[in-house]
Amino acid sequence: MPEAVVGGPDPLRVELEGEIQHAVEAELRDVLDQEQRERVIARLRAELAEEIQVRIARVKAELAAELLAREAPAPVRREFERFSWNFRAQHWILLTSCLTLIVTGLPLKFHEARISQLFFDLVGGVQVSTLIHRIGAVGLIAVGAYHLFYLAAFREGRRNFLKLLPQPQDVRDLFQMFRYFLGRSEERPRFGRFSYVEKFDYWAVYWGMVVMIGSGLILWFLETTLQYLPKFAADIAREAHSDEGLLATLAIIIWHFYNVHLNPEHFPMNRTFLTGKISEAEMRAHHPLEYEEILAARGLSIQAPAGAGHGEGPVRSPGPPTS
Amino acid sequence: MAMRSGRIGCLVLGGALGILLLAAAAQAMPKCLVCHGKRTLSKTLPSGRVVSLFVDEKLLAESVHAGRVCTDCHSDITAIPHKGEIQRVSCVRCHFKGNPVGAPQKDIYVEYARSVHGVAAAAGNTKAPVCQDCHGTHGIRPPKDPGSLMNKIHIPETCGRCHLAEFSDYRESVHWKAVKEGKKDSAVCTDCHGEHTIRAHTSPESSTYITRVPETCSHCHASVAVVGKYGIKTEQVATYGRSYHGVAIKFGGKTVANCASCHGVHDIRPSDDPQSAVYVENIPKTCGKCHEGANANYAKGRIHLDPTKREAGLVYWVSLFFKWLTISTMVGLVAHIGLDLFRRLRRGKVAHES
């Protein structure tokens, strides 16, 4: 019987047989009566059968667990969709346009730097870089226009926009964040879908788009605009374009990159802008209010998911979240 | 061995010949003047043009070449009456770097040979000037001498003998006006075009090539020592350099304006002269050379603009606004980042200790 179930783990069998032998000999050492002897053997048989059943069950369970672990890998981790494809596509166009504009714009502003000369030599002169800059501008204008359409025409857009509107709570969150930074409080502010950091980023881009596209168009179609505007208006446009360009570049490279990618929690890259997904742990850490809202909408209890955050250790110091 | 002795022989022979020539030269001047001292001596060229062959002894005696004798330069003349065709004097016999006879130690002849004039002359253009056309012949004087053809006051005229139109334009310019008034800092032809290095303005090597004009003008117009003392602004070159025109031209733009595009070339006038291309009422027309449909709006605002100066008006305030917007925003953002990092590090430390 044991052989059939265990399927040949010889050491176990040898061990069991040895134990039977040992038990029988020990019991029989001083009992010599034939009838007694048979009773003892029967009793021992029954006891050992029980013992064997228990051991087989344990081995079975171990094997089953091992097989299960091998076939079904990680425990399922819940993820939330943070950015839809529509949103990510806009971000991609914005990203490529901005990088193009920065790369071709900064050498004009910092024309005295050696690297600017190097850049223009590389691309083949200022005419080529001007053309590339304008291609980037078309991308920026297109995504700006599409975004306005998105805000108006998609329910998702309208919902996101409402959640991006500044609220008094954002100011309170900012103060709470500083208290937390300075160690006056151990509680980070609890953010909804968009933290004040993300709202700042969004509205900074809004302001930047208005300034850059407005002044850029004046400079692009200079001869047309000078039909209606005095030259000093074009000079102001140029100054604003140049200065706001630098401010936007600094904000993107220092602020946006740090908060999204370069902070110790996400370094070197946060993948949310690629996949649109955010893990349950991050959701709980960075957007607790939104998380609770979603769970409530799904009729789930907040404590429910044991898998979330499991195996990740303590919830790490949560930085400003993804945007 | 045979070759070496041959060389030595040559040297000895050459030396002897040299001594003989020197001896002859001491005698040459009076001898030549027997004929060339006569004012009536002339020759008729095949073209029918009559060329005077009279040489004024005084001219040579007062020139930089005083002390030289006729055959020092006219070295192909060895007999009287002269035999064969008489060659033009070649100045490079003495004017080269390393010459032993006391001529300036400069390689100007090499420079000249590469210039637009030298190249044309070498190609057989008989109208192209050689040394004598600009410097004169027997009466060459140092450039500082007011009687020199190369004296600042005479250069426009010297060049103008061939470049008539440019000369007449130049005579209208503020540069010429200043030179006439004795302001030797002002520009004549050679200050912009160079001397022996003159190139066609279409050559990228030229100091008047489209992309090199700003640099050429900057030699004087960015210098307080040159134009500053006449009360002329010296920041115009820098403000141009910061304008789109200036930046684009620096990086190879060939369709943007340089100084001359607006201010004119030879007939540059002060901006308060109604005939000036940059006179306020002429600005639409001047800008219109490149910017189609330029109107009076082009004159509403400064051209040479420095946004960091208060005189830039609104642009100054916009510039100031962005400056402080950038500084305050970045200080705030960087502080936020710094505090965030500080908090993370502290938390990490606490976690580590516990």
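How many helices and strands make up the secondary structure of chain B? In this predicted model, for which local features need pLDDT of at least 70 and side-chain atom pairs count only at pLDDT 80 or more, whereas totals for chains, interfaces and linings use all residues, side-chain values use heavy atoms, with hydrogens and water left out. Residues are numbered from 1 along each chain as its sequence is written, and chains are lettered from A, with ligands numbered from 1, in the order in which they are written.

The secondary structure of chain B comprises 16 helices and two strands, where helices (H or I, at least four residues) and strands (E, at least two) are DSSP runs numbered from the N terminus. Of the 354 residues in chain B, 29% are buried, a class defined by a relative accessible area under 20%, with exposed meaning over 50% and partly exposed in between (1.4 Å probe, protein chains only). Among the contacts in chain B (heavy atoms within 4.5 Å) with a separation of 6 or more, 38% involve residues 24 or more positions apart.

When residues up to four places away in sequence are not counted, Tyr196(A) touches Asp170(A), Asp173(A), Leu174(A), Met177(A), Phe191(A) and His336(B).

Over all chains, 26 salt bridges are found, each requiring a side-chain nitrogen of Lys or Arg within 4 Å of a carboxyl oxygen of Asp or Glu. One of them pairs Glu265(A) with Arg344(B), the closest N and O atoms being 3.9 Å apart; because Glu265(A) lies in the loop between helix 11 and helix 12 (272–275) of chain A and Arg344(B) in helix 16 of chain B, this pair joins two chains. Arg344(B) is buried, at a relative accessible area of 9%. In chain B, Arg141(B) and Asp145(B) form a salt bridge with an N to O distance of 3.1 Å, and Arg141(B) is partly exposed at 23% relative accessible area, as is Asp145(B) at 22%.
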